[in-house]
Amino acid sequence: MVAQAPNWTHREPLPVPSGRFPVGVTTAHLVDSSRQTSRHIPVRPLTAQVWYPAKRIAQGANAPYLTEAGLLDSMMHRKYLDLEPDEMRGWADIHVAAVLEARPETLPTSRGWPVLVLSHGLGVARAHYTALSQELASRGYIVLTLDHPLGGFTLGLDGKVLTPGVDSVPLLYADHPMVSVVRDWALDAAFVLRGLVDRARWGSSPLALFVLDTARVGMLGHSLGGAAALQACRSSTLFSACADMDGYPFGDVDNHGVGRPFLVLLSQPDHDNRPPPRDSAEAAARERFAQMGKERDSTWAAICAHDRRAPCFVVKLKGTGHLSFSDAPFQAPSLLREVGATLSAGRQHRLIADNVLEFFDHFLRGRPLR
């Protein structure tokens with residue numbers, strides 16, 4: 001019996017965070033003047049949206065889904081993720097559960113909150129990880145959701161939106177583009193983490209009120225951002241554990257392993273509950289994906305074998321697709337129509353969040369694995 005597929009034309013509201021803490025959010029803009037963005041941009045402007053546990057709020061302004069002026073116009077102009085403008089048009093009117101500039105909650109001890117840095121997929125807007133960011137913050141993490149310049153959608157120094165392009169990666173990295181991008185993104189994460197720790201010590205409200213535990217920092221990312229998360233664990237002592245959500249490993253990790261505890265969450269089509277292929281082309285496409293899945297499994301098995309002292313967890317989430325790790329199941333469900341993502345939007349979100357939380361709760365908080 002074939003299960004009923006999700007409604008691919010109906011956009012659902014983002015889930016309400018399930019943790020015990022209300023969520024606050026603020027945005028920080030930093031500039032790394034030691035590295036260039038492209039041949040025409042000699043520095044790296046970096047945006048971090050900071051999601052954090054907040055005090056109980058009687059009233060306040062809920063944050064908009066898209067924070068940068070002109071962002072939606074840029075996304076429509078560039079046919080973001082090949083979506084039609086009508087599917088994006090309502091995003092400008094969405095407000096999320098988090099409250100802008102809410103007063104941070106304080107811990108009863110001086111230890112501070114554990115920190116997670118979240119990196120987007122190539123060409124995916126930072127805003128498209130709002131559901132997961134809010135959920136993690138509601139469970140007692142400070143979450144720094146990054147924008148990598150020319151990798152997602154971030155603000156340049158002139159206030160204009162820097163958008164990804166087909167040639168933005170090859171123009172900057174001629175020889176080994178993906179390896180170089182992943183290394184740069186890992187450096188972005190370390191730079192933003194250091195910058196926000198400094199602002200928490202010396203900056204203005206609400207950042208000055210944060211207490212971040214820099215001994216308990218993890219990184220997670222989606223797609224190319226997942227590869228960057230593993231690279232960050234490989235190359236920097238700032239990060240104690242990392243999670244890759246459906247990203248292929250590149251560079252140092254592919255050759256030498258991660259060296260620290262890491263989690264890999266993999267999308268997995270639900271072949272049992274998919275309708276039969278409509279034609280031979282779709283049947284051939286499914287066969288290609290099945291072969292790619294076998295090759296993927298072999299790759300991760302080899303990486304886990306590089307360093308058996310570093311705990312390695314590889315989890316397949318049946319009924320999910322590549323963009324299930326973003327807000328797409330809620331805000332752009334058509335993107336998951338053809339990939340075997342047979343679970344409901346809410347179920348996909350819960351599966352991903354629960355696995356991420358169990359991993360980081362164990363390695364950053366010492367809680368037992370289930």
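Contact here means heavy atoms within 4.5 Å, and all of the views below are taken from a predicted model.

**Close-up 1. Tryptophan 91 and its surroundings in the predicted model.** Leaving aside residues up to four places away in sequence, tryptophan 91 touches Arg11, Tyr65, Leu66, Leu72, Met75, Tyr80, Leu83, His128, Gln331 and Ala332. Trp91 also belongs to the largest nonpolar core, a set of 50 residues in which Tyr80, Trp91, Leu220 and Phe360 touch the most other members. At least two residues of this core are supplied by each of β1 (23-32), α1 (71-77), β4 (95-100), β5 (113-119), α3 (130-138), β10 (241-245), β11 (262-268) and α10. Helix α10 gives the most to this core, its share being eight residues. In soluble globular proteins, nonpolar side chains tend to be buried together.

**Close-up 2. Histidine 349 in helix α10.** Histidine 349 is placed in helix α10, which covers residues 345-365. Because its relative accessibility is 11%, histidine 349 counts as buried. When residues up to four places away in sequence are not counted, histidine 349 touches Pro15, Ala131, Leu132, Glu135 and Phe330.

**Close-up 3. The second largest pocket and its lining.** Helix α10 provides the largest share of the lining, namely five residues. By residue type, the lining of the second largest pocket divides into five nonpolar residues, one polar residue and eight charged residues.

**Close-up 4. Arginine 35 and its salt bridges with aspartate 32 and aspartate 188.** Side chains of opposite charge can pair when their charged atoms come close. Arginine 35 forms a salt bridge with aspartate 32, in which the closest N and O atoms are 2.9 Å apart, and the side chains of arginine 35 and aspartate 188 meet in a salt bridge at 2.5 Å, N to O.

**Close-up 5. The salt bridge between lysine 318 and aspartate 270.** In this salt bridge the closest N and O atoms of lysine 318 and aspartate 270 are 3.9 Å apart. Lysine 318 lies in strand β12 (residues 312-318) and aspartate 270 in the loop between β11 and α8 (280-306), so the pair ties together parts of the chain that are 48 residues apart in sequence. Lysine 318 counts as partly exposed because its relative accessibility is 44%, whereas aspartate 270, with a relative accessible area of 7%, is buried. For the model as a whole, the count comes to 23 salt bridges.

Notes. Residues numbered from 1 in each chain as written. Predicted model: local features only at pLDDT ≥ 70, side-chain atom pairs only at ≥ 80, totals over all residues. Heavy atoms only, no water. Helix = DSSP H or I, 4+ residues; strand = E, 2+ residues; numbered from the N terminus. Buried < 20%, exposed > 50% of the residue type's maximum accessible area, 1.4 Å probe, protein only. Core = buried A, V, L, I, M, F, W, Y, C linked by side-chain atoms within 4.5 Å. 1 Å grid on protein atoms, 1.4 Å probe; cavity = no way out; pocket = protein on both sides within 12 Å on 5 of 7 lines; lining within 4 Å. Nonpolar A, V, L, I, M, F, W, Y, C, P; charged D, E, K, R; others polar. Salt bridge = Lys/Arg side-chain N within 4 Å of Asp/Glu carboxyl O.
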